[in-house]
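Thanks for coming. Please have a look at the structure on the screen, and I will walk through how its parts pack together.

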Amino acid sequence: MSDVPIYLDHNATSPPHPAVLDVALPLIQEHWGNTGSAHSLARAPHAAVEHARGQLATWAGARAKDLVFCSGATEANNLVVLGASGRVLCTATEHPSVLEAVQLRGGLVLPVDGDGLLDLECLEEELSKGAGLLSVLAANNETGVRQDTETIYAMAKAAGVPLHLDCAQLVGRHEAPENWDYMTVTGHKAGGLKGAGALLRRQGLALQALSYGGGQERGYRAGTLNPAPIASLGVVATLSHSSEIKTLRDQLEAACVSLGARVTGAGAPRLWNTCNVVFEGIQSDMLVVGLDLEGVCASAGSACSSGAAKASGVLLSMGIDHSALRLSLGWSTQAQDIARAIEVLKVVVARQRALGSESWHG
Ligand code: PLP
């Protein structure tokens, strides 16, 4: 086994991209000034933040001045959901940073079908009752399932309800959705540094600050800006996944299927990099541990809930009462990594079957 693990957990976080390090390291080592200072040491970090603002706005098709930098997608999601006025709606497969905020507000969680796609009939009915915000996860972190955001936007627009899209898993991988009212992004899923995200909004739409203090980000998000991660987020917005990633993901998925696994969300459009599979009768925690021992980093769902051996709310909402293995590829994944991972999977799955790993009940 090589000393360097094969990393297949990009949806949790990703290794910093070389282009990111080129931009970020000087901001840590040399240009470490406070962007808000009046002296010369503020110039380079300030310029880096504004450059990143432009890069991200270009990717999203937004105005740079309608973008609020914050600490990550969690904060951006909290900002838009907790700050919205009126009834808030979201899908059942949201990231907890939306789901828990919606539940805290007494909002409504809308059902999804067996592939994780939002129930549009139910959406129509709830939109007709009026709402202050609809929040939808553009691409799911556990399953990779991508919602039909254009249809959802058209429905929300017709009902006069602003649509928020959580695009944390899209930036740096795919093109941005065309139509939205608010958008969340983060940098560390596709080669950026941890600690920067942003909330974008369309011109004229309301936003309620959650933090108060130094007046940064036009008063919408107080706190000293973090130039290196922010600059890295700007770089990530200029990246995208090649179709090679999809080819490798498909090879990995086909290998899982040949070992008896079922692909989650198989009937829906999905992120190119994500393989989420259920091995009936095998606890995915055991697979994750077995893979780890053989030098392959994987996950049993999302990073937040893996290790906790509890039901994935995302899978339960899709009617799947079994744990799943998530393998997520990224910019650093090579063909030889996938070839090796497939060999390791064969061994680990066979071992678990021989041990008679019991089916999992959350
Ligand atoms: N939204 C989605 C879809 C995510 O995958 C994540 C990260 O797991 C988040 C929000 C939270 O992102 P961050 O780690 O930047 O707070």
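I start with a sheet of three strands, which is open, has the order 9-10-12 and is paired antiparallel. Two strands count as paired if DSSP finds at least two bridges between them. Helices (H or I, at least four residues) and strands (E, at least two) are DSSP runs, numbered from the N terminus. At the edges are strand 9 (262-263) and strand 12 (325-328), each pairing on one side only. Strand 9 is joined to strand 10 (residues 274-278) by two bridges, in the antiparallel sense. In that pairing, Arg262 is opposite Val278 of strand 10. Helix 8 (residues 243-258) packs on this sheet and touches strand 9, strand 10 and strand 12. Its direction makes about 5° with that of strand 10. Contact here means heavy atoms within 4.5 Å. Axes are lines fitted to C-alpha atoms, for helices over the stretch in contact, and angles run from 0 to 180 degrees between N-to-C directions.

A word on the source. This is a predicted model, where local features need pLDDT of at least 70 and side-chain atom pairs count only at pLDDT 80 or more, while totals for chains, interfaces and linings use all residues. Residues are numbered from 1 along each chain as its sequence is written, and side-chain values use heavy atoms, with hydrogens and water left out.

Strand 12 also takes part in a salt bridge. Arg326 pairs with Asp9, with the closest N and O atoms 3.0 Å apart. Arg326 is in strand 12 and Asp9 is in the loop between strand 1 (6-7) and helix 1 (18-29), so the pair ties together parts 317 residues apart in sequence. The structure has 14 salt bridges, each a side-chain nitrogen of Lys or Arg within 4 Å of a carboxyl oxygen of Asp or Glu.

Seven strands form an open sheet with mixed pairing, in the order 2-8-7-6-5-3-4. Strand 2 (67-70) and strand 4 (108-110) are its edges, and the twist from one strand to the next averages 20°. Strand 7 (residues 182-186) and strand 8 (residues 197-201) run antiparallel, joined by five bridges. Thr186 has Gly197 in strand 8 as its bridge partner.

What lies across strand 2, strand 7 and strand 8? Helix 2 does, running at about 120° to strand 2. Helix 4 lies across strand 3 (88-91), strand 4, strand 5 (133-137) and strand 6 (163-166), at about 145° to strand 3.

Next, the helix pairs. Helix 2 (residues 43-60) and helix 7 (residues 227-236) have axes that come within 8 Å and cross at roughly 30°. That makes the two helices roughly parallel, the term for angles under 35 degrees. Residues of helix 2 that meet helix 7 include Pro45, Ala48 and Val49. This contact has 10 nonpolar, two polar and no charged residues. As for the classes, Ala, Val, Leu, Ile, Met, Phe, Trp, Tyr, Cys and Pro count as nonpolar, Asp, Glu, Lys and Arg as charged, and the others, Gly among them, as polar.

Helix 3 (residues 73-83) packs on helix 4 (residues 96-104) at about 25°, with axes 9 Å apart. These two are therefore also roughly parallel to each other.

Last, helix 5 (residues 120-128) and helix 6 (residues 149-159) pack at about 20°, their axes 10 Å apart. Among the residues in contact are Glu124 of helix 5 and Thr151 of helix 6. By class, this contact divides into seven nonpolar, one polar and one charged.

Definitions and conventions:
Parallel < 35°, antiparallel > 145°, perpendicular 65-115°, else oblique.
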